Amino acid sequence: MAEYTLEEKYALIKQNILKCETEKNPVEIVLKLMRRDFVNIHGPEHHFLDGAAFLTAFKNAGGEIELGQCLDELAKRAMKMPGAMCGHWGVCGSLASIGAALSVIHATGPLSTDEYYKHNMEYTSSVLTQMSKIGGARCCKRNAFLSLSTAVKFVKEKYGIEMELGEIECKFSDTNKQCLKNNCPFYKANNE
């Protein structure tokens with residue numbers, strides 16, 4: 001695998017995300033990029049990738065955003081998230097990425113008093129609750145699938161934006177030494 005700085009990974013993610021001009025399924029978008037050499041099985045690149053895939057599908061499904069600007073702002077925020085947040089901070093970078101994307105979409109800030117502030121917290125807490133029931137060890141792929149599939153349902157319910165979502169079957173368990181196998185809802189043996 002080639003060596004990339006985090007900044008280079010983010011630039012490559014943005015460059016490739018912008019090519020997904022019609023895809024409305026954020027899981028399909030994230031899967032296309034997860035297979036690239038600039039995305040490790042685990043790593044802080046997911047702190048940008050997952051939210052970027054969500055923003056792209058959101059835009060393609062009719063969300064009224066300027067995608068390039070939103071991606072740039074998300075990248076700035078994601079760059080502040082350290083690796084290993086799940087184990088060291090008790091919050092997953094994937095759901096924080098999508099929480100940040102929701103905040104970018106609605107221009108939510110720490111002093112916001114509108115419904116969007118509440119919605120962002122509602123989304124992230126619902127995903128974190130699901131993750132806590134599954135447990136660890138960490139898996140950036142599992143958490144991306146969980147964060148994104150929950151986000152698809154969330155924005156449909158809250159904002160009427162209908163992204164697409166199909167069956168999710170993980171293809172990374174053979175390369176993940178900490179795979180939970182049957183304890184993961186996306187493990188391929190569970191989907192047969």
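Q: Angles under 35 degrees count as roughly parallel, over 145 as roughly antiparallel, 65 to 115 as roughly perpendicular, and the rest as oblique. Are α6 and α8 roughly parallel or roughly antiparallel to each other?

A: First, the ground rules. This is a predicted model, in which local features need pLDDT of at least 70 and side-chain atom pairs count only at pLDDT 80 or more, while totals for chains, interfaces and linings use all residues. Residues are numbered from 1 along each chain as its sequence is written, and side-chain values use heavy atoms, with hydrogens and water left out.

Now the general idea. Two packed helices are described by the angle between their axes and the distance between the axes. Axes are lines fitted to C-alpha atoms, for helices over the stretch in contact, and angles run from 0 to 180 degrees between N-to-C directions. Helices (H or I, at least four residues) and strands (E, at least two) are DSSP runs, numbered from the N terminus.

Here, helix α6 (residues 93-106) packs against helix α8 (residues 140-159) at an angle of about 30 degrees, and the axes are 9 Å apart. α6 and α8 are therefore roughly parallel to each other.

Q: What is the handedness of the crossing of α6 and α8?

A: A crossing is left-handed if the near helix is turned anticlockwise from the far one by less than a right angle, and right-handed if clockwise. The α6 and α8 crossing is right-handed.

Q: Which residues in α6 meet α8?

A: Contact means heavy atoms within 4.5 Å. From α6 come Ser94, Leu95, Ile98, Leu102 and His106; they meet Asn143, Ala144, Ser147, Leu148, Ala151, Phe154, Val155 and Tyr159 in α8. By class, this contact of α6 with α8 has nine nonpolar, four polar and no charged residues. The classes: Ala, Val, Leu, Ile, Met, Phe, Trp, Tyr, Cys and Pro count as nonpolar, Asp, Glu, Lys and Arg as charged, and the others, Gly among them, as polar.

Q: At what angle do helix α2 and α8 pack?

A: Helix α2 (residues 26-34) packs with α8 at about 155 degrees, with their axes 9 Å apart. α2 and α8 are therefore roughly antiparallel to each other. Their crossing is right-handed. In α2, Pro26, Val27, Val30, Leu31 and Met34 meet Lys141, Ala144, Phe145, Leu148 and Val152 in α8. By class, the contact of α2 with α8 has nine nonpolar, no polar and one charged residues.

Q: How many salt bridges does the count come to?

A: Side chains of opposite charge can pair when their charged atoms come close. A salt bridge is a side-chain nitrogen of Lys or Arg within 4 Å of a carboxyl oxygen of Asp or Glu. By this rule the count is eleven.

Take Asp72 and Lys14: the closest N and O atoms of this salt bridge are 2.6 Å apart. This pair links distant parts of the chain, with Asp72 in helix α4 (residues 67-78) and Lys14 in helix α1 (residues 6-17), 58 residues apart.

Q: How far apart in helix α7 are Lys118 and Glu115?

A: Lys118 and Glu115 form a salt bridge at 3.6 Å, N to O. They are three residues apart in helix α7 (residues 115-134), so about one helical turn separates them.

Contrast Lys158 and Glu122, a salt bridge at 3.2 Å, N to O. Lys158 lies in helix α8 and Glu122 in helix α7, so the pair ties together parts that are 36 residues apart in sequence.

Q: Is Asn176 buried or exposed?

A: Buried means under 20% relative accessible area, exposed over 50%, partly exposed in between (1.4 Å probe, protein chains only). Asn176 is buried, at 5%. Asn176 sits in the segment after α8. Leaving out residues up to four places away in sequence, Asn176 touches Ile41, His42 and Cys139.

Lys156, in helix α8, is partly exposed at 49%. With the neighbours up to four places away in sequence again not counted, Lys156 touches Ile161 and Glu162.

Q: Which peptide bond is cis?

A: Most residues other than glycine have a negative phi, and most peptide bonds are trans. The bond from Gly136 to Ala137 is cis, with omega near 20 degrees. Ala137 lies in the loop between α7 and α8.

Q: What is the phi of Ala107?

A: Phi of Ala107 is near 50 degrees, a positive value in a residue other than glycine. Ala107 lies in the loop between α6 and α7, and is exposed, with a relative accessible area of 66%. Lys181 is not a glycine either, yet has a positive phi of about 50 degrees. Lys181 belongs to the segment after α8 and is partly exposed at 34%.
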